[in-house]
There are 2 protein chains.
Amino acid sequence: MTIADIAREAGLSIGSVSYALNNKPGVSEDTRARVITIAKRMGWSVSPAARSLSRSRADSIGLVPVRSPRMLGVEPFFMEFVAGIQAVLTRNEMALSFLLADSVEAEIRIYERWASQRRVDGLILLDLAIDDPRIAVVERLEIPAVYLSNAPDDPGQPHVWTCEDESMREAAQYLIRLGHRRIARVGGVPSYRHIAVRHRTLEEVAAAAGLPRPTVIDTDFSGEAGARATRSLLSRPEPPTAIIYDNDVMAVAGLGVAAELGFSVPGELSLLAWDDSPLCEITHPPLSAMHRDVLALGTVSTSLLLQLIDSEGGVEGVEGPRAVLQPRGTTGRPTRS
Amino acid sequence: MTIADIAREAGLSIGSVSYALNNKPGVSEDTRARVITIAKRMGWSVSPAARSLSRSRADSIGLVPVRSPRMLGVEPFFMEFVAGIQAVLTRNEMALSFLLADSVEAEIRIYERWASQRRVDGLILLDLAIDDPRIAVVERLEIPAVYLSNAPDDPGQPHVWTCEDESMREAAQYLIRLGHRRIARVGGVPSYRHIAVRHRTLEEVAAAAGLPRPTVIDTDFSGEAGARATRSLLSRPEPPTAIIYDNDVMAVAGLGVAAELGFSVPGELSLLAWDDSPLCEITHPPLSAMHRDVLALGTVSTSLLLQLIDSEGGVEGVEGPRAVLQPRGTTGRPTRS
């Protein structure tokens, strides 16, 4: 079967079919989709190596976090992750195309535009959601993509996974061992898979230890939301003796609220941040945190993506560095019960 | 005079001269420099519009901050600035090429590589230094560039300037009005022009008010260095009653050190951060800060750069938003003298 056969079947010129199959500008997205459907039905396939030879390389990869500018600004995760990406890109004389999106829909529109402009050779996708629409989009656009995920058996393309459940188990069991029985959680966006795993694991560990069900307040990861959630938790008749936060900025805000409401830390209240950062080391007392090598996570993800871009398939996911407990000054034995 | 005349004079092919004058790969940097010298001597000039027609656009601009990954991660300035850049780029269907460098030399190497690959249409340069070597480099590479600066009369290319001296005057006079006489400063990298202006202005205002010369400790902007500097200042026989910090992260660290050493804030010690961020709002008490619309600074800089890329000259610098006082909970009248 040749490209001429597909062209005849589709009622299009050979040129248009070539543009469509090679993901080049010159045909509409509808036509492209129709040609691909016809070609697949006719049993067409092309090796990635052959395709990459026919393509001009953009020598750039894309990263499009869905975050508001101000929130991105205070969350150290992103810049450390970007730094890890760049360590690998610089060695390969490649660049990072970096854009913020205000929604997943906007993120997808950027990928479609980039695909038609051939601006990137691959993508790193963050914050994999339950039933994530982006998986189908990058497959349709045929852009190599690597996901950050939290289990080796997540679906779709190769991904870098970290064991969020093991990390949460370590965090919760440490607080239980210290003597805490009322543990609360100030959580991130609950539709993100890694956040859902943390949620489920904390409930499991608490149940196994015979503790009351942990109170959880969901947030958008912002410091403001973290402060509000902490104020709400500490104003209850039976406030928790320990709070786990889903990022560092909310934990810093929680520490401020504890001071405001007169809770001594860690005597009357233990606080544990997730994803350590230099921010956790400059508070008073310094914040205990689940420490993860975010820079290495960026490096590993980018290396996997470059492998995927150059490969003819057969690339497998790899485990990234998982968060481990870094106790500092905000966790201790509770002086109230 | 034609390109053939220059080729004859230089003893090169017409093709090589064309590559050299159009800043395309294919000739060595030495040859390029020699051709440009000869062409200029012969009175050659080409309008930017004609040149831009002969060039293919990269539809991308470049930003290369010299910062360590971990430091970039905690300083909210960068992500907000990047968000402002992207607001303009997205409207113009352009992308941002974003890389970190560990030195100005590395930054320059990246610009040279990008110029030879035609990867960017323009650059935004941060942290203009005294005798900054990058000015000559971007002129030689003929990449349109916009600088962030702190005075309308800074040399070289068009720049976005903010009046750092007016901002520092406002900050210092406010503290003096509150009754402070021993004002210290935890400063950023002293070779940066905007940092030098703040330094000089604080000394001038203190002298005019008959105050002792302010103690200044220079840092690398990191939270750790901010904590160390604050510990040093507060351990002196006559500690300052007010400290001005050159960023938000160092002020957060300073607040932690004040708690550690038992200084009540703001009674025994006033703290003032520079460049406000959500970080300043989540501490306890919330940090008074010099607030600047960093997002707008990114927007203004990018608009100026796009104007410069499309122009045939005649683009002038513009004033960006300057930092203004945002008093919160960490500044007040001193209870000790």
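**Aromatic pairs**

I searched the whole structure, a predicted model, and found 9 aromatic pairs over all chains. For this I paired rings of Phe, Tyr and Trp (its six-membered ring) with centres within 6.5 Å; planes under 30 degrees apart count as stacked, over 60 as edge-to-face and the rest as tilted.

I looked up Phe98(A) and Phe98(B). They form a stacked pair, 5.8 Å centre to centre, with 20 degrees between the planes. Phe98(A) sits in strand E2 (residues 95-98) of chain A and Phe98(B) in strand E2 (residues 95-98) of chain B, so this pair joins two chains. Helices (H or I, at least four residues) and strands (E, at least two) are DSSP runs, numbered from the N terminus.

I call a residue buried under 20% relative accessible area, exposed over 50%, and partly exposed in between (1.4 Å probe, protein chains only).

Next I took Tyr111(B) and Trp114(B). This pair is tilted: 6.4 Å centre to centre, 45 degrees between the planes. Both residues lie in helix H7 (residues 104-117) of chain B, 3 residues apart, or about one turn of the helix. Tyr111(B) is buried with a relative accessible area of 1%. Trp114(B) is buried, also with 1%.

**Nonpolar cores**

Phe81(A) came up again here. In the largest nonpolar core, of 56 residues, Ile61(A), Phe81(A), Ile61(B) and Phe81(B) touch the most other members. A second, separate core has 54 residues, including Ala229(A), Val249(A), Val265(B) and Leu269(B). A core here is a set of buried Ala, Val, Leu, Ile, Met, Phe, Trp, Tyr and Cys residues joined through side-chain atoms within 4.5 Å.

**Helix H2 of chain B**

I checked H2(B), residues 14-21. Ser16(B), Val17(B), Ala20(B) and Leu21(B) are buried.

**Domains of chain A**

I read three entries: domain 1 (3-45), domain 2 (60-162 + 294-319) and domain 3 (164-292). The bounds come from an automatic or database domain assignment. The centres of domain 1 and domain 3 of chain A are 53 Å apart, taken over C-alpha atoms.

**Conventions**

Residues are numbered from 1 along each chain as its sequence is written, chains are lettered from A and ligands numbered from 1 in written order. Local features need pLDDT of at least 70 and side-chain atom pairs pLDDT 80 or more, while totals for chains, interfaces and linings use all residues; side-chain values use heavy atoms, without hydrogens and water.
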